[in-house]
Amino acid sequence: MTRFYATMQFFPIESGAVMIALAVFVGFVIMIFMLSPLISPRPMKLNGSHVLVTGGSSGIGKAVAVEAVKQGALVTIIARNEQRLLQAKKEIEQHMRDKDRQKVLCISVDISKDFSAVEKAVQQAQEKLGPVDMLVNCAGTSFASRFEDIPVDEFKQQMEVNYYGTIHATRAVISTMKYRRRGRIVLVSSQAGQIGLYGFTAYSASKFALRGFAEALQMEVKPYNIYLTITFPPDTDTPGFQTEQTFKPKETKLISETAGLYQPDYVAKRILQDAIQPG
Ligand SMILES: NC(=O)C1=CN([C@@H]2O[C@H](COP(=O)(O)OP(=O)(O)OC[C@H]3O[C@@H](n4cnc5c(N)ncnc54)[C@H](OP(=O)(O)O)[C@@H]3O)[C@@H](O)[C@H]2O)C=CC1
Ligand SMILES: CCCCCCCCCCCCCCCC(=O)[C@@H](N)CO
């Protein structure tokens, strides 16, 4: 009893309440921690999965295809130029783990204009390699100039490839993913899709659009065990980047350079790692 009173004196009533609140809070945090594996998605194994990469014939997309194949995936690459597709296919195939089971398929289609053409290409890929488990939207294009120097049609072109192209490919895979309750979708934005940058009036806007789309769609498809990730890379040393360098205003170059220049295989690894285990 004496000890009881001593304790009561040592902890006045207010601090007793604080201690209880603290205990409840700590208990809550521990509980969330223990439940988190049940709440967050389980990592998707790429081994044996079908990964479809738009823009898979060059740069970041090709590096994603290589990395996916290294992890045991069956891969479809989509782009327009057939020569570059076949060249990339050969290169990607060299990284296969199991040549009997894995396949690399290439399909030539322009993703930016006609949804039914994209739908047909995806159907073809699914017939050959099975339902798409992961879609990586890498096809994209950039344009950097001062606002008045950008032809008005270029604004449409940027939206068509970077935004509508992503919508088309995503729309073509979503129903099957919902039906199977399995899927990952990657959108490739840019650091210029987080902040509007000098010279990127057309490009930045098209990359900002992707974020609104990703957030809205994620809310719709979470109950179907489908997870979207969006990536915002800095300058990355790809054929697309080399072309961009030839016409970029110097202001754009100077600002972009402050974020450094990354290698496509590093960016690709990060993209896949995030997609495999989002959150
Ligand atoms: N490199 C960089 O600095 C950064 C790039 N990004 C983004 O990453 C993505 C990839 O860029 P990067 O690897 O540099 O680009 P590349 O130009 O090297 O490759 C682009 C790929 O997309 C394909 N593609 C382009 N237009 C279309 C189309 N209309 N239909 C189908 N395929 C198309 C190209 O093939 P084909 O021409 O034969 O169709 C090619 O395979 C882009 O979305 C880009 O905006 C983001 C941040 C930085
Ligand atoms: C106070 C504000 C200071 C702002 C400084 C921030 C610097 C950010 C650098 C952004 C780099 C953008 C790279 C775009 C890459 C890209 O998408 C193209 N290369 C595509 O080909």
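Mentor: For the classes used below, Ala, Val, Leu, Ile, Met, Phe, Trp, Tyr, Cys and Pro count as nonpolar, Asp, Glu, Lys and Arg as charged, and the others, Gly among them, as polar. On that division, the shell around ligand 1 holds 13 nonpolar, 12 polar and five charged residues. The model is predicted, so that local features need pLDDT of at least 70 and side-chain atom pairs count only at pLDDT 80 or more, while totals for chains, interfaces and linings use all residues. Residues are numbered from 1 along each chain as its sequence is written, chains are lettered from A and ligands numbered from 1 in the order in which they are written, and side-chain values use heavy atoms, with hydrogens and water left out.

Around ligand 1 there are 30 residues (a heavy atom within 4 Å), of which Ser-57, Ser-58, Arg-80, Tyr-203 and Thr-238 are the closest. Its polar contacts (pairs of N or O atoms within 3.5 Å) include several made by the protein backbone: an oxygen atom of ligand 1 lies 2.8 Å from a polar backbone atom of Thr-236, a backbone N or O atom of Asn-81 is 2.9 Å from an oxygen atom of the ligand, and for Cys-138 the corresponding backbone distance is 3.3 Å. Of the 880 Å² of accessible area (Shrake-Rupley, 1.4 Å probe) that ligand 1 has on its own, the protein covers 92%.

Among helices (DSSP runs of H or I, at least four residues), helix H3 (59-70), helix H7 (201-221) and H8 each supply at least two residues of the shell around ligand 1, and H8 gives the most, with three.

Ligand 2 has 13 residues around it, with Ser-190, Gln-191, Tyr-203, Asp-235 and Glu-244 coming nearest. By class, its shell divides into six nonpolar, five polar and two charged residues. Here the contacts include side chains: a polar side-chain atom of Asp-235 lies 2.8 Å from a nitrogen atom of ligand 2, whereas oxygen atoms of the ligand are found 2.6 Å from a side-chain N or O atom of Tyr-203 and 2.7 Å from one of Glu-244. The protein covers 65% of the 600 Å² of accessible area that ligand 2 has on its own. The elements giving two or more residues to this shell are helix H8 (239-247) and helix H9 (250-257).

Tyr-203 is listed among the closest residues for ligand 1 and among the nearest for ligand 2.

Terms used: Polar contact = N/O pair within 3.5 Å; in protein donor to acceptor, adjacent residues only side chain to side chain.
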